[in-house]
Amino acid sequence: MFKKLEILDEKDKHLRKKSEDVIFPLSNDEKKLIQRMIDHLTYSQIEEYEKKYDLRPGMGLAFPQVGINKKVIVIVHEYEDGKFDNYVFINPKIVSYSEEMIAAEAGEGCLSVNREVEGHVPRYARVTVEGYDEDGNKIKVRAREDLAIAFQHEIDHLNGILFYDRINKNKPFFTENEIRLI
Ligand SMILES: [Zn+2]
């Protein structure tokens, strides 16, 4: 049975704390929570379940958003209509990034931010992320475009940063000449 996750709001202090490294092995509770995050994110992106369970669509979550200040991020990426790839990264680190910057044209959203925040968030167009899987094996991914944005957004959560911290208050919107909007 699917049970909707309790996701903390931006006002909760967990969202502003720096997370600690995970020490392996993961506990059973941690593994179960990761699975629930995957289920929640997957269902939230499938219209039928989104409605049935009253979910806000989202592609990523980090442990601080469920009240644990440890370095775990989960991304469920719809790479093709109705097809999803799951990324579970533990102790993730961006090891290289492109010079090119992009921003989501419609702005970013966050399952912990329950209000509209307008503005473009500058992000690297491509990032290489290293980390560990749930069993402690080293893993690495090269992400681009919306997936690259998701990794940067989720890794920010591990440092207590929310997406709107990166919006320039004096000039919240970029033009196409300044940054590539996707
Ligand atoms: Zn978020």
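User: How many helices and strands are in the protein?
Analyst: There are 3 helices and 8 strands in the protein. Keep in mind that this is a predicted model.

User: And in what order do the elements run from the N terminus?
Analyst: They go α-α-β-β-β-β-β-β-β-α-β. As for overall form, the radius of gyration is 16 Å, close to the 16 Å that the globule rule gives for 182 residues, so the protein is as compact as a globular protein of that length.

User: What box do the C-alpha atoms fill?
Analyst: Roughly 50 × 40 × 35 Å, taken along the principal axes.

User: What share of the residues is buried?
Analyst: Buried residues make up 32% of the 182.

User: What about contacts with a separation of 6 or more: how much comes from residues 24 or more positions apart?
Analyst: Those account for 67% of such contacts.

User: OK, strands. How do β2 and β3 pair?
Analyst: In the antiparallel sense, over 8 bridges. β2 covers residues 72-80.

User: Which way does β3 run relative to β6?
Analyst: Antiparallel, with 5 bridges joining them. β3 spans residues 83-97 and β6 spans residues 126-132. Y97 stands opposite V127 in β6.

User: How many bridges are there between β6 and β7?
Analyst: They pair over 7 bridges, in the antiparallel sense. Y132 stands opposite K138 in β7. Their hairpin has 5 residues between the strands, and G136 there takes a positive phi near 90 degrees.

User: Where do side chains point in a regular strand?
Analyst: They alternate between the two faces of the sheet.

User: What is the strand order in the open sheet of 3 strands?
Analyst: The order is β5-β4-β8, with mixed pairing. β5 (123-124) and β8 (180-181) stand at the edges, each with a single partner strand, so one side of each is left without a neighbour in the sheet.

User: How many bridges join β4 to β5?
Analyst: 2 bridges, and the strands run antiparallel. β4 is residues 101-103. M101 has Y124 in β5 as its bridge partner.

User: Which residues does a cis peptide bond join here?
Analyst: F24 and P25, with omega about 0 degrees. P25 is in the segment before α1.

User: And what is phi for D54?
Analyst: Near 55 degrees, a positive value in a residue other than glycine. D54 lies in the loop between α2 (47-52) and β1 (60-62).

User: Is D54 buried or exposed?
Analyst: D54 counts as exposed, because it has 9 C-beta neighbours inside 10 Å.

User: What about E145: where is its place?
Analyst: In helix α3, residues 145-158. E145 has a positive phi of about 55 degrees although it is not a glycine. With 14 other C-beta atoms within 10 Å, E145 is partly exposed.

User: Last one. How far apart are K13 and G67?
Analyst: They are 54 residues apart in sequence and 9.0 Å apart in space, C-alpha to C-alpha. K13 is found in the segment before α1 (28-44). K13 counts as exposed, with 11 C-beta neighbours inside 10 Å.

Notes
Residues numbered from 1 in each chain as written. Predicted model: local features only at pLDDT ≥ 70, side-chain atom pairs only at ≥ 80, totals over all residues. Pairing = 2+ DSSP bridges. Helix = DSSP H or I, 4+ residues; strand = E, 2+ residues; numbered from the N terminus. Buried ≥ 20, exposed ≤ 12 C-beta atoms within 10 Å, placed from the backbone. Rg over C-alpha atoms; globule rule 2.2 N^0.38 Å. Contact = placed C-beta atoms within 7 Å.
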